[in-house]
Amino acid sequence: MIDFFVSLMQTFGLMCEKRSKENVGRTFYVLSRLKPLRDDTEAVEYEEKRAVSLFHDFDGYLPDDLFQRVATKFIEEFQMEDVEPTLSYEHVELNIDGHHLVILNVATINNRRLFQTTIVRTTLMNTESGSRSPEDDDPQPSICKKVLNFLEKELQVLSQNGARGVEVKMYIRCACSNSEHTHMQVVRKFDKDVLPCRSRRMDVKRYRKLFNKIEVEQASISKSDTDQPSSIKKRKTASENSLSKVQRTTDTRTAAPLATSSLGTVNTSQEQFNNLKYDLGSLYIGERLLLLKCCLFEHVDLQHLGKSSCTANYLLNQLHERRYITPTNIRLLLEVAEISQLKDAEDLINQYVVTNKVPNTDEGTKSVSPYRKRLCMALQQFDPHKLNDVIAYYGLNLLSLPTIWELVFYLESNRKLLEESERKRFAELLGPIAENILFNDE
Ligand SMILES: [Zn+2]
C-alpha cells in the first residue's frame with residue numbers, strides 16, 4: 001500500500017525518490033514540507049558569463065504548488081546518483097552533471113511572481129588561469145536545451161491541468177535593466193539575433209546559441225542520458241558543429257539539410273528518426289500522454305510508466321532502445337497514432353515514410369494487441385461523469401484517480417484486469433458505448 005501512495009505522489013509531482021547506490025532503504029524528497037526560512041524572493045544573480053536565466057510567467061500569478069511540483073519533477077529527472085540537492089523554500093539548487101548547476105526559484109520582478117531557472121557553468125577553483133577558452137565559461141547548449149525542453153513540457157502540462165486558460169510566457173532580462181528598473185523581454189523560440197528595446201536593441205545571439213532547437217540531436221536526448229552524462233559529451237561535438245552550420249541557412253528544423261556528409265558521424269535517417277520521435281512526443285501531453293501510456297502498457301516496464309517524469313519522448317526512446325521501432329520500421333508508431341485518432345501524428349509519420357522511403361515491413365515489430373487497441377478506443381469514449389461510480393465499485397478514492405486512465409493504470413498494475421470476467425465487468429461499468437467497443441464491435 002505504501003508503494004501505491006508513493007507512486008501516486010510521484011504521479012502528481014509531490015515527491016520523488018533519491019537516486020542512490022548505497023543500499024540504506026529508500027529516501028524521498030517532499031518539497032511541500034519545506035517551510036519559508038526567509039522572505040527572500042529576489043531574482044538570482046550570477047556572473048553574466050557563466051550563467052543564463054529564463055523566467056516563466058503565469059499571468060503574474062504563480063500557483064502555490066506549481067513551484068514545488070516542477071522542482072520535484074526536475075530533481076527526479078535530473079538528479080545524479082548520491083548528489084544531494086540544496087533545498088529551501090522556493091529555492092532549489094541541483095548539480096545535474098559534472099559541469100552544471102541549475103537553480104530553480106521564485107523571483108518577484110515588477111510585482112509579478114515568476115518562475116526563474118538559472119543554468120550555471122560551474123568553475124574549477126584550482127586550475128591555472130589562462131588555460132581556459134571563453135567557450136568553457138558558457139553553459140553547454142546541449143544542457144540548456146535539455147533544461148528548456150523539460151520546462152516547456154512540465155509548465156505546459158501543469159498550466160493546462162491546473163490554471164486553465166492561463167498562458168505561460170517566457171522572458172529573459174533585457175540588457176537595459178539596472179538596479180532601479182527591470183525590463184523583461186518576451187521570447188518564444190530563440191530564433192532571433194536582436195530584440196528591440198525602445199530606441200535601442202538587445203543582442204540575443206548568446207541565447208540563440210544556447211537555446212535554439214535548430215538541430216534535432218539535442219532535442220531528443222532522453223532521460224536515459226541523464227544516467228550517463230558521458231554520452232552527452234560524446235554527442236556534443238558533432239551536434240554543435242551542425243548547429244553553427246545549419247543556423248545560418250535555415251530556421252525550420254524539418255527542412256534542415258542534415259544529410260551533409262562532412263558531419264561524418266551523423267546518419268541522416270537516424271537524425272530524421274530522432275526528429276520524428278521528438279515531434280511526435282510533443283503531441284502527446286496531458287490526457288494524450290495517459291492514452292499513450294495505456295497503449296504501450298505491454299511494451300514498456302511498469303516502473304517507467306508509473307513515473308511522473310515519464311514523458312512521451314521518454315517512452316518513444318524506450319521503444320527505440322528495445323528495437324520495437326527503428327528508423328526503418330515504425331509500424332508501432334502508426335498503430336498508436338491511429339488508436340489515439342491523432343491526425344497530426346499520422347501526418348508526421350506518413351511524411352517520414354515518404355521522405356525516407358521506409359520499407360513497408362512488419363518484421364520484428366511488436367504491435368499493440370487487439371484487446372489493448374479496443375481498450376484504448378473504449379476509454380476515449382468514456383463519459384467522465386461516470387468516473388465516480390466506476391471508482392466506487394473498486395472501493396477506491398476519487399481524489400487519487402482524476403481520470404479513467406489513472407484508474408485503468410491502477411487496476412492493470414495491480415493485476416485486476418487479467419481475467420476475461422474482470423474485463424467484462426469493467427466494460428459494463430464503462431457504459432454501453434465503451435462496452436460495445438470493447439466486446440461486441442468486430
Ligand atoms: Zn530593455
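Welcome to a predicted model, in which local features need pLDDT of at least 70, side-chain atom pairs count only at pLDDT 80 or more, and totals for chains, interfaces and linings use all residues. Residues are numbered from 1 along each chain as its sequence is written, and side-chain values use heavy atoms, with hydrogens and water left out. Helices (H or I, at least four residues) and strands (E, at least two) are DSSP runs, numbered from the N terminus.

**The zinc site**

- Four protein donors hold positions 2.0 to 2.3 Å from the zinc ion: Cys-174 (SG), Cys-176 (SG), His-183 (ND1) and Cys-197 (SG). Donors here are N, O and S atoms within 2.8 Å of the metal (3.2 Å for Na, K and Ca); water is not among the atoms, so sites may look incomplete.
- The arrangement is tetrahedral because the 4 donor atoms subtend angles of 105 to 113° around the zinc ion. For four donors, that label requires all angles to lie between 85 and 135 degrees.
- Along the chain, the donors follow the spacing C-x1-C-x6-H-x13-C. His-183 sits in the loop between strand E8 (169–173) and strand E9 (184–187), while Cys-197 belongs to strand E10 (residues 194–197), so this pair ties together parts that are 14 residues apart in sequence.
- His-183 is partly exposed at 25% relative accessible area, whereas Cys-197 is buried at 7%. Buried means under 20% relative accessible area, exposed over 50%, and partly exposed in between (1.4 Å probe, protein chains only).

**Strands around E7**

- Strand E7 (residues 112–121) is mostly covered, with 8 of its 10 residues buried.
- Strand E3 (residues 51–57) runs antiparallel to E7 and is joined to it by 6 bridges; strands count as paired if DSSP finds at least two bridges between them. In this pairing, Leu-54 stands opposite Thr-117.
- Strand E6 (residues 100–109) is also antiparallel to E7, with 10 bridges, and Ile-109 stands opposite Arg-112.
- E6 and E7 form a hairpin with 2 residues between them, and Asn-110 in the turn has a positive phi of about 50°.
- Phe-55 lies in strand E3 and is buried, at 0% relative accessible area.

**Helix H14**

- In helix H14 (residues 370–380), the buried residues are Tyr-371, Arg-372, Leu-375, Cys-376, Ala-378 and Leu-379. They fall within an arc of 165° seen down the axis of H14, so they line one face of the helix; the arc is that of the directions from the helix axis to the C-beta atoms.
- These buried residues pack against several helices, including H9 (287–295) and H12 (331–339), where contact means heavy atoms within 4.5 Å.

How values were computed
Tetrahedral: all angles 85-135°; square planar, octahedral: opposite > 155°, others 65-115°.
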